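Here's a quick tour of one protein chain for anyone new to reading structures.

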Amino acid sequence: MIQGHRLPFRADIQALRGVAVLAVLIFHLFPDLLPGGYGGVDLFFVISGYVVTYALLARQAKDPDREMGFSDYFKRRLRRIMPPLLVALLIIAAISYLIYDKRLFHSFSGYSITGLLGVSNLKLISQQTNYFSPDEYLNPYLHTWSLGIEEQFYLIFPLIFLPFVRTERRWYFWLAAGALWFASFLLAWHWSQVAAERAYLSPLSRFWELATGVLLALAGVTSRFKRLLAKFKKFAGLIQVFALLLLLLSFALLSNKGSYPMPGVVLPVLASAVLLGFGAGTPLAVLAQSNGLQALGAVSYSLYLYHWPCIVFARYLFGSQSGFWLPVALLATALLTWFSYRFVELGWSRRASLARLGLLGGFVLVGLALFDSQAQRLRAPLGLATFSEYAWTANDPRPIQQLLPADVSSNDAIASALTASQIEQLAPGMALQLTMVQATGKAIAEERRHLFVVGDSHAGSLLAAVRSLVAAKPGLVGFVVTPPGMGGCSLLSYSFDPGRCSVYEAQSLALVKRLAKPGDRLLLPSLRLPRLSPRLQVASYVNPNTPVMGSHLEPALRGLQASGVQVGLLAPWPVYNVLGKQCLGWQQQLKLDCSQRRADFESDRAPALERLKRLQKRLPGLQIIDPINLFCDAKTCSNWRGTLPLYADHDHLSGYGSAALGSWLLKQPQFRSP
């Protein structure tokens with residue numbers, strides 16, 4: 001058993017914390033330099049399981065007659081976790097409110113509450129969000145997913161451990177923890193193959209990593225384990241060096257391009273267990289005696305809390321291609337980390353009573369909820385038109401009527417999201433989000449032509465383009481079809497998920513087949529590019545055999561063509577690493593990300609165009625409509641025109657951009673006929 005009246009300081013554990021947070025920091029700053037640096041989180045998980053068990057065993061050894069109750073355990077956990085987290089969330093929320101535009105602030109405001117409640121990972125799972133998705137790179141709360149897993153573990157841990165903390169009952173705990181470890185390990189392996197996002201974010205598939213630390217700490221106080229370590233005493237240093245090299249190798253080799261988190265995370269977990277196990281007796285000198293790693297380990301919690309939002313905000317303000325964002329991010333991270341460690345971790349955390357901590361936590365929760373309710377109130381009225389009805393300028397988000405070209409605005413077109421009962425009449429049994437666009441006061445007549453735009457939120461962003469077309473052609477009725485919630489499930493996509501999108505694919509195509517007549521038109525936004533330029537090299541994009549559609553699409557398109565429906569695919573237009581609004585005014589001159597060379601863009605999208613041409617060969621008559629000349633001049637592609645942005649965010653068109661696309665389509669041969 002552990003002896004003494006205080007918990008012995010473990011220099012090796014402090015140094016390992018420094019290694020873990022340094023790996024995560026490098027990964028977030030330079031993902032190409034250390035693509036597996038996110039494995040530092042796995043090291044944190046093992047350390048957390050080990051330390052919380054080690055601490056309880058030490059206190060039980062100090063006073064064997066005292067029962068270690070739930071209240072004592074939770075007091076220590078709350079004092080350690082909550083004060084720095086409360087302060088960090090308030091600072092992040094305040095900065096995001098000040099510097100983000102309303103729409104971007106609204107997108108992430110809810111994560112402040114889930115971060116406080118320790119369920120950010122569950123929110124990401126519920127939204128079917130990939131941690132590595134470029135959609136999330138401006139989410140300043142994204143890193144709180146791992147804190148959520150640890151907090152969920154801390155809630156479950158005492159239910160398993162505390163009843164069996166005494167020596168004579170500990171074999172029950174070995175049995176329970178071992179069984180749960182094995183079940184979690186198998187679940188993580190299975191989910192990594194079929195639901196990688198869930199495997200990465202779920203506490204069920206991460207439990208085995210924390211349980212590894214728990215079991216290791218429990219074994220470390222047994223005489224049998226000590227005798228086993230003694231047999232390898234001569235080789236302990238060599239074994240630890242090998243484990244450290246294995247840990248560093250995992251940081252270099254892991255990536256999100258293969259199956260993850262399993263089997264890759266086995267490497268950092270195994271290496272962490274070896275380092276912790278042998279470090280209890282013979283800490284690796286190069287780690288334990290490193291002043292730099294000791295300092296990083298001491299501030300690792302505060303550093304983890306602030307490094308990601310500082311990176312996000314600096315990239316947002318200056319652009320990732322600017323020379324300013326990196327020094328600003330590092331300086332802000334250093335200052336906020338020092339403030340949090342010096343005045344919160346070493347100050348308030350140690351002095352705050354649980355009553356005051358609970359009261360402040362309640363006030364913070366209410367304040368963050370008010371932030372989010374304001375976001376919900378401003379977001380709700382926009383509905384389907386979030387992207388396409390407004391230009392999202394800095395001060396004047398003008399409605400679409402002011403954005404339509406003068407020569408078509410006289411014959412006003414209206415768009416209305418149909419109710420569930422109306423959709424049921426048009427498409428019985430279908431769960432779709434459907435907006436109908438028609439000339440004011442005109443009913444749908446059998447002789448009228450239909451234009452169907454089908455896809456995900458990128459199809460939704462074409463609503464203003466459809467209104468332009470309908471306003472210019474009174475005999476046209478438009479239908480914009482998207483999945484409920486507008487998230488994902490483009491019918492042609494490098495990230496097409498059959499398990500999630502096949503039902504929508506079948507239902508949307510069945511709706512078109514039911515309503516379409518000869519001479520009608522189907523328009524599909526297709527194969528949009530990966531948003532961030534370095535991600536254009538991901539295996540799924542460059543591999544010509546990557547599936548980009550479900551089983552229903554090609555047969556359905558062939559059938560529609562046979563019935564006289566004209567099918568068109570919109571070729572990809574440029575995407576950017578900054579929001580449209582970020583390229584207005586002074587920011588346009590500061591951010592190199594606001595434009596790109598046309599030759600570079602055409603080279604980037606060449607694999608996508610080749611995929612479309614291959615589909616065109618199989619479906620003669622399929623039209624590829626390329627709007628590149630709308631978004632690019634002879635040399636440069638820009639995400640703004642004049643004083644208005646073409647994009648509402650990175651790649652969804654703004655109201656102005658969508659209306660401009662509609663005007664451009666009116667000039668194309670395919671749309672000149674009545």
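A residue is called buried when its relative accessible area is under 20%. Keep in mind that this is a predicted model. With that in hand, let's look at some strands, a pair of helices and a set of aromatic rings.

**Strand β6 and its neighbours**

- Strand β6 covers residues 566-570 and is mostly covered, with 4 of its 5 residues buried.
- On one side, β6 pairs with strand β5 (residues 521-525) in the parallel sense, over 5 bridges.
- If you want to spot that pairing, find Leu-523, which stands opposite Gly-568 in β6.
- β6 is also joined to strand β8 (residues 623-625) by 3 bridges, and these two run parallel as well.
- Here the residues to look for are Leu-569 and its bridge partner in β8, Ile-624.

**Helices α1 and α16**

- Helix α1 (residues 11-29) and helix α16 (residues 300-318) have axes that come within 10 Å and cross at roughly 5°.
- Angles under 35 degrees count as roughly parallel, so α1 is roughly parallel to α16.
- On the α1 side, the contact is made by Arg-17, Val-21, Val-24, Leu-25, His-28 and Leu-29.
- α16 brings Ser-300, Leu-303, Tyr-304, His-307, Trp-308, Ile-311 and Arg-315 to the contact.
- Sort the residues of this contact by type and you get 8 nonpolar, 3 polar and 2 charged.

**Aromatic rings**

- To describe a pair of aromatic rings, you give the distance of the centres and the angle of the planes.
- The count for this model comes to 19 aromatic pairs.
- Take Phe-44 and Tyr-304: their ring centres are 6.3 Å apart and their planes sit at 70°, so the pair is edge-to-face.
- This pair links distant parts of the chain, since Phe-44 is in helix α2 (residues 39-62) and Tyr-304 is in helix α16, 260 residues apart.
- Phe-44 is buried, at a relative accessible area of 12%, and Tyr-304 is buried too, at 5%.
- Phe-452 and Phe-479 form a stacked pair, with 5.5 Å from centre to centre and 15° between the planes.
- Phe-452 belongs to strand β3 (residues 449-454) and Phe-479 to strand β4 (residues 476-482), 27 residues apart.
- Phe-452 counts as buried at 0% relative accessibility, while Phe-479 is buried with a relative accessible area of 3%.
- Finally, look for a cluster in which ring pairs link Phe-27, Tyr-38, Phe-45, Trp-145 and Tyr-200.

Note on methods. Residues numbered from 1 in each chain as written. Predicted model: local features only at pLDDT ≥ 70, side-chain atom pairs only at ≥ 80, totals over all residues. Heavy atoms only, no water. Axes fitted to C-alpha atoms, helices over the stretch in contact; angles between N-to-C directions. Parallel < 35°, antiparallel > 145°, perpendicular 65-115°, else oblique. Contact = heavy atoms within 4.5 Å. Nonpolar A, V, L, I, M, F, W, Y, C, P; charged D, E, K, R; others polar. Buried < 20%, exposed > 50% of the residue type's maximum accessible area, 1.4 Å probe, protein only. Pairing = 2+ DSSP bridges. Phe/Tyr/Trp six-rings, centres within 6.5 Å; stacked < 30°, edge-to-face > 60°.
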